[in-house]
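This briefing walks through how the chains meet and how parts of each chain are built. Keep the sequence and the 3D view open while reading.

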4 protein chains.
Amino acid sequence: MQKIGVLTSGGDAPGMNACIRAVVRSAVQKGAEVIGIRRGYSGLFSGDCIKLNRRAVANIIQRGGTILESSRCEELKTVEGRKKAIEFLKQQDIEGVVVIGGDGSFRGAAAMAEESDLKFLGVPATIDNDVYGTDYTIGFDTAINTALEAIDRIRDTADAFERVFFVEVMGRLSGFIALEVGIAGGAEEIIVPEKETDLEKLCSTLREGFRKGKRSSIVVVAEGNEVEHTMQMAHYVQHRLKVSSRVCILGHLQRGGSPTARDRVLATRLGIAATDGILNGKHGHVVGERNGKLVYIPFRDTWEKKKELDKFSLESCKMLAG
Amino acid sequence: MQKIGVLTSGGDAPGMNACIRAVVRSAVQKGAEVIGIRRGYSGLFSGDCIKLNRRAVANIIQRGGTILESSRCEELKTVEGRKKAIEFLKQQDIEGVVVIGGDGSFRGAAAMAEESDLKFLGVPATIDNDVYGTDYTIGFDTAINTALEAIDRIRDTADAFERVFFVEVMGRLSGFIALEVGIAGGAEEIIVPEKETDLEKLCSTLREGFRKGKRSSIVVVAEGNEVEHTMQMAHYVQHRLKVSSRVCILGHLQRGGSPTARDRVLATRLGIAATDGILNGKHGHVVGERNGKLVYIPFRDTWEKKKELDKFSLESCKMLAG
Amino acid sequence: MQKIGVLTSGGDAPGMNACIRAVVRSAVQKGAEVIGIRRGYSGLFSGDCIKLNRRAVANIIQRGGTILESSRCEELKTVEGRKKAIEFLKQQDIEGVVVIGGDGSFRGAAAMAEESDLKFLGVPATIDNDVYGTDYTIGFDTAINTALEAIDRIRDTADAFERVFFVEVMGRLSGFIALEVGIAGGAEEIIVPEKETDLEKLCSTLREGFRKGKRSSIVVVAEGNEVEHTMQMAHYVQHRLKVSSRVCILGHLQRGGSPTARDRVLATRLGIAATDGILNGKHGHVVGERNGKLVYIPFRDTWEKKKELDKFSLESCKMLAG
Amino acid sequence: MQKIGVLTSGGDAPGMNACIRAVVRSAVQKGAEVIGIRRGYSGLFSGDCIKLNRRAVANIIQRGGTILESSRCEELKTVEGRKKAIEFLKQQDIEGVVVIGGDGSFRGAAAMAEESDLKFLGVPATIDNDVYGTDYTIGFDTAINTALEAIDRIRDTADAFERVFFVEVMGRLSGFIALEVGIAGGAEEIIVPEKETDLEKLCSTLREGFRKGKRSSIVVVAEGNEVEHTMQMAHYVQHRLKVSSRVCILGHLQRGGSPTARDRVLATRLGIAATDGILNGKHGHVVGERNGKLVYIPFRDTWEKKKELDKFSLESCKMLAG
């Protein structure tokens with residue numbers, strides 16, 4: 001294979017740039033040409049592409065966001081759309097594409113792979129860490145450290161009144177961020193989508209904490225699927241416990257920032273592996289890491305199988321904080 | 001004066017510890033004894049006091065929060081309450097007290113000063129920067145840098161869709177944080193309590209930005225006095241402009257964190273000045289800094305006069321960002 | 001076992017406090033009593049010990065350093081010294097001790113274990129990551145992120161002259177920090193103690209970079225065993241290449257700071273596991289993590305076997321940066 | 001004036017980009033055209049210039065370094081060199097130039113102004129803060145906060161042995177960084193070029209600290225003019241006091257990083273003021289801020305007059321730390 005494409009797709013994640021750099025430089029090293037497709041799959045429709053050489057990816061390893069920009073592309077969801085995209089890639093003599101993103105992005109790749117002889121490999125990059133088959137996704141470590149800093153700051157506040165802080169972190173369908181941040185931040189409670197929330201039990205845990213002499217409690221809440229559920233939870237608790245409750249919604253700030261060492265190293269390793277793979281004819285998989293070893297996960301697994309939250313950790317956290 | 005007290009009161013602010021350290025060490029240097037009164041004025045009622053020597057304030061200059069803890073004390077609002085507090089101070093042979101806090105805290109000090117021969121000096125410490133007569137309050141610089149980091153992270157996100165980010169910062173009655181963060185963060189719009197919000201105008205400014213090619217806009221919003229007004233604003237804009245809008249509520253995380261150099265230096269200078277002042281019989285004032293020089297502000301001014309927001313800066317910011 | 005001790009020993013590492021917290025709270029949860037031994041093994045000689053309950057370890061999970069302080073204890077190196085230490089532990093009815101530190105610390109534990117019926121378990125905590133048998137030690141992740149920040153800042157500087165920056169990181173005998181920081185920071189060269197430095201080759205690599213148009217190059221250097229070898233290297237390169245060279249020596253600042261999420265989670269997991277282990281009669285081992293799973297490493301292995309640096313990563317880094 | 005140039009010169013400083021943005025956008029707002037001259041004055045010789053519109057300076061307010069790059073230009077030091085530079089500017093129809101840099105940069109501007117009818121205004125930007133007539137230079141606040149973080153990390157280390165840490169900060173000829181960092185970091189001693197160092201007195205201060213029970217002391221040292229003087233000082237103290245001494249050399253990392261709020265606001269204000277000034281025919285001055293007010297400082301003052309270090313602060317710091 002002489003010419004490959006690379007794109008970033010879905011919600012952006014810190015470390016995507018480090019991955020692009022690794023893909024480009026390792027491909028160039030092996031004599032291949034790399035085309036950067038801009039704004040995710042949308043670049044296949046607008047033709048917004050750019051040749052990437054070694055210099056083009058200089059000084060980006062430390063940058064948040066993605067120099068290629070990202071998007072969610074509606075056109076790719078139809079057969080006609082994909083046909084256009086496939087044609088464009090063929091016109092450009094691009095035989096393989098490294099797709100850096102989440103499971104939604106891999107669906108598009110899988111569909112195009114089925115409908116053509118183009119080769120795709122995925123690299124898991126999303127702050128949510130909800131890609132089946134890999135222990136970590138690119139961006140997760142940065143996001144949890146960002147959220148953790150927020151919690152550390154809240155810990156500093158020293159008002160003498162009893163107070164409950166609700167810190168909403170990202171995670172619509174999964175609680176990986178909430179769990180890790182909760183453990184690392186020593187949160188009193190962690191609310192995740194994987195487990196139904198028992199508000200009464202939450203109140204009694206918090207009440208028990210105040211009884212033992214705690215001045216303030218921190219509850220980490222994954223944003224979940226219901227609009228403003230953290231606000232509602234806070235209102236409920238304030239009303240029931242007659243203590244002041246305060247809400248922080250971290251939102252998109254978790255998606256930005258310079259990637260941590262871990263995210264950059266993971267991005268670099270997976271980027272090299274994906275390039276090696278695709279240049280050697282490997283395709284149809286996501287390149288991940290499990291137990292410290294490279295693994296290839298079939299595209300399909302990433303949306304058909306659900307990565308499980310570590311329930312043991314959830315219990316440990318409560319045991320330590322409670 | 002041989003023996004002075006020191007307390008922190010109201011919402012806590014980064015740099016309070018640096019100020020306590022300066023008060024204690026400069027007083028000790030001059031041969032005076034310092035009593036730390038815990039949990040703000042509440043310590044006068046509970047008797048929760050502690051002698052502070054040089055070692056007691058070692059290694060705190062960099063810590064957020066306050067080692068003396070803070071509170072809002074209801075008992076001090078009645079004549080009977082203050083009588084008790086005054087008696088307690090007299091029993092302890094404390095002749096003067098350095099009060100580190102905001103204008104609410106200075107009211108209590110002023111009332112006790114009127115009703116006794118005790119001496120009080122204030123040091124302005126609140127992240128809101130809304131104390132009349134001083135250019136900056138302790139904690140403000142740290143809070144704006146914290147909020148700024150959040151905005152920088154949001155800037156990194158690179159989704160290709162049009163989007164408006166609303167970032168709610170602290171400031172119930174004043175927009176100092178919002179203004180400074182907005183300028184430093186290059187925000188498209190800044191919403192402050194000092195100026196009525198014209199939602200239609202906000203929408204047209206944002207629309208104009210999108211028309212010019214902006215992908216995303218950032219609106220910094222002071223929390224203001226109405227519950228959830230940022231949420232409502234975001235809903236309104238999303239509905240009107242048909243673009244996705246996202247909300248971050250920074251909340252109490254702005255109150256924590258290690259103080260910046262500026263806050264530590266300000267806290268140190270004002271702490272030394274307040275100690276010098278009170279040991280030399282100065283009282284009834286807040287020690288502040290205006291135009292780089294130490295000033296003494298009568299207690300009364302801090303709640304009777306309103307510190308004005310710099311309207312010129314507000315306009316400049318829009319000019320640069322628009 | 002009803003009563004256990006916990007101590008931190010050797011160079012301190014971020015995350016030690018998170019580990020102490022986990023040991024204390026999980027032990028208390030299981031009905032055991034925990035004694036904190038202060039200043040490492042020295043506390044066994046001075047008797048500087050303190051009972052630790054749940055509250056004693058509140059609000060420390062985010063703190064750098066160690067609340068128990070650390071030291072390197074000479075007295076423990078003699079049989080007589082250890083006899084005294086053993087007696088002290090027996091007097092205190094302490095049957096088992098969790099030792100948080102590096103391989104030097106485990107030697108002391110192993111020797112006492114041989115000379116008594118006391119039980120010891122180790123938890124690997126050192127920023128150097130040079131403990132055989134565990135993938136990561138507590139403190140390593142924080143240290144590399146700290147060093148990485150330094151490198152990112154240097155990258156920002158934009159002088160138009162050709163320049164080589166030498167950044168010295170910790171690592172007397174091992175290059176784990178240098179390697180990880182070098183990869184994550186995109187360094188042009190990484191100098192590690194595991195590999196002899198060929199100054200001529202270094203010069204030719206750097207020269208080649210300048211020839212290709214690089215304005216500045218970054219060389220990450222592990223401090224190694226020779227005094228001021230980074231300074232000497234910088235002088236040499238400046239002289240040979242006729243380019244300006246600049247040196248940063250990060251030194252002890254890599255040992256401090258609030259631990260990252262990863263270090264806190266690792267510290268928490270290993271702390272719980274060590275407590276579980278020792279209360280269940282497990283001893284003579286270090287509790288580590290390999291490939292995501294808990295492992296028990298015999299004390300002896302930690303000083304008899306050498307953890308290997310990943311040579312593949314070293315080459316990859318150069319391939320990407322060169 | 002219809003067309004102005006802007007350049008950054010000398011050692012780069014965080015906030016230069018925020019200043020470029022303010023110059024460009026406020027000039028465009030007033031109908032003027034802005035040419036960015038790259039690599040400082042060197043761009044006048046190489047012709048490396050670029051038209052800057054509003055979009056060109058989008059998303060740079062938070063970036064360290066300078067998008068225009070910087071240099072020290074030898075050619076400008078001769079009359080012939082300046083003649084060439086002047087011709088180039090005239091060819092380009094550039095009537096005025098905003099020079100963002102330190103006193104060395106203003107010398108070049110002043111010379112060209114004397115030898116032509118071109119107009120120049122300066123904006124003080126250097127981390128050293130050693131520009132006469134302005135209270136602060138752009139970049140100073142960021143640099144001290146960066147250095148401060150390093151000191152805070154060192155404070156965390158908890159070895160029980162007596163130890164002296166020497167932290168070398170930037171400042172060849174002036175001690176502004178050292179002083180501010182020393183006060184904010186609670187350093188035991190501050191070594192500045194403005195005051196001869198008495199090593200015996202340093203030793204006795206440190207000895208006195210150990211005698212009082214201090215475990216470790218931090219000495220902040222401005223780099224000064226002698227090569228490796230911090231290293232030598234550390235050796236001397238180690239030898240004399242028989243305590244371990246450790247050295248951190250922060251070097252260029254102080255020059256990078258995202259600018260603080262204060263630096264961005266200062267850069268924005270001064271950038272707007274310089275543009276206003278030059279478009280209204282003001283020239284031959286540096287635009288600074290003194291006591292919170294805009295001031296115009298004659299170019300000549302910046303190299304003929306020496307900005308004084310605040311000796312009172314130096315003494316205060318020692319009083320508090322000693």
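Through which surface do the copies chain A and chain C meet? The model is predicted, and in it 100% of the interface residues of chain A are also interface residues in chain C, so the copies meet through the same surface. The points below take the chain pairs in turn, and then look inside single chains.

**Chains A and C**

- Chain A is superposed on chain C by a rotation of 180° with 0.0 Å of shift along its axis, and the RMSD is 0.0 Å.
- Asn291(A) is the residue of chain A that comes closest to this rotation axis, with its C-alpha at 2.0 Å.

**Chains A and B**

**Pairs of chains without contact**

- Chain B and chain C are not joined by any contact, and their closest C-alpha atoms are 10 Å apart.
- Chain A and chain D likewise have no contact, with 10 Å between their closest C-alpha atoms.

**Domains of chain A**

- Chain A is assigned two domains: domain 1 (3-139 + 259-304) and domain 2 (140-255).
- The centres of domain 1 and domain 2 of chain A, taken over C-alpha atoms, are separated by 34 Å.
- Where the domains of chain A touch, 16 residues of domain 1 are in contact with 13 residues of domain 2.
- The domain 1 side of this contact in chain A is made up of five nonpolar, six polar and five charged residues.

**A sheet and a helix in chain B**

- An open sheet of seven strands in chain B has the order β3-β2-β1-β4-β5-β10-β11, with mixed pairing.
- β3 (49-52) and β11 (293-298) of chain B are the edge strands, each pairing on one side only.
- On average, and ignoring direction, neighbouring strands of this sheet are turned by 30° against each other.
- Within the sheet, β5 (residues 119-124) and β10 (residues 285-290) of chain B pair in the parallel sense over two bridges.
- Leu121(B) has His285(B) as its bridge partner in β10(B).
- Helix α9 (residues 261-279) of chain B lies across β1, β4, β5, β10 and β11 of chain B, and runs at about 170° to β5(B).

**Two helices in chain C**

- Two packed helices are described by the angle between their axes and the distance between the axes.
- For α6 (residues 176-185) and α11 (residues 311-321) of chain C, the axes come within 9 Å and cross at roughly 30°.
- The crossing of α6(C) and α11(C) is left-handed.
- Leu179(C), Gly182(C) and Ile183(C) of α6(C) make the contact with Ser313(C), Leu314(C) and Cys317(C) of α11(C).
- Four residues of this contact between α6(C) and α11(C) are nonpolar, two are polar and none is charged.

Conventions: Residues numbered from 1 in each chain as written. Chains lettered and ligands numbered in written order. Predicted model: local features only at pLDDT ≥ 70, side-chain atom pairs only at ≥ 80, totals over all residues. Contact = placed C-beta atoms within 7 Å. Domains from an automatic or database assignment. Nonpolar A, V, L, I, M, F, W, Y, C, P; charged D, E, K, R; others polar. Axes fitted to C-alpha atoms, helices over the stretch in contact; angles between N-to-C directions. Helix = DSSP H or I, 4+ residues; strand = E, 2+ residues; numbered from the N terminus. Left-handed = near helix turned anticlockwise from the far one by under 90°. Least-squares fit on C-alpha atoms with pLDDT ≥ 70 in both. Pairing = 2+ DSSP bridges.
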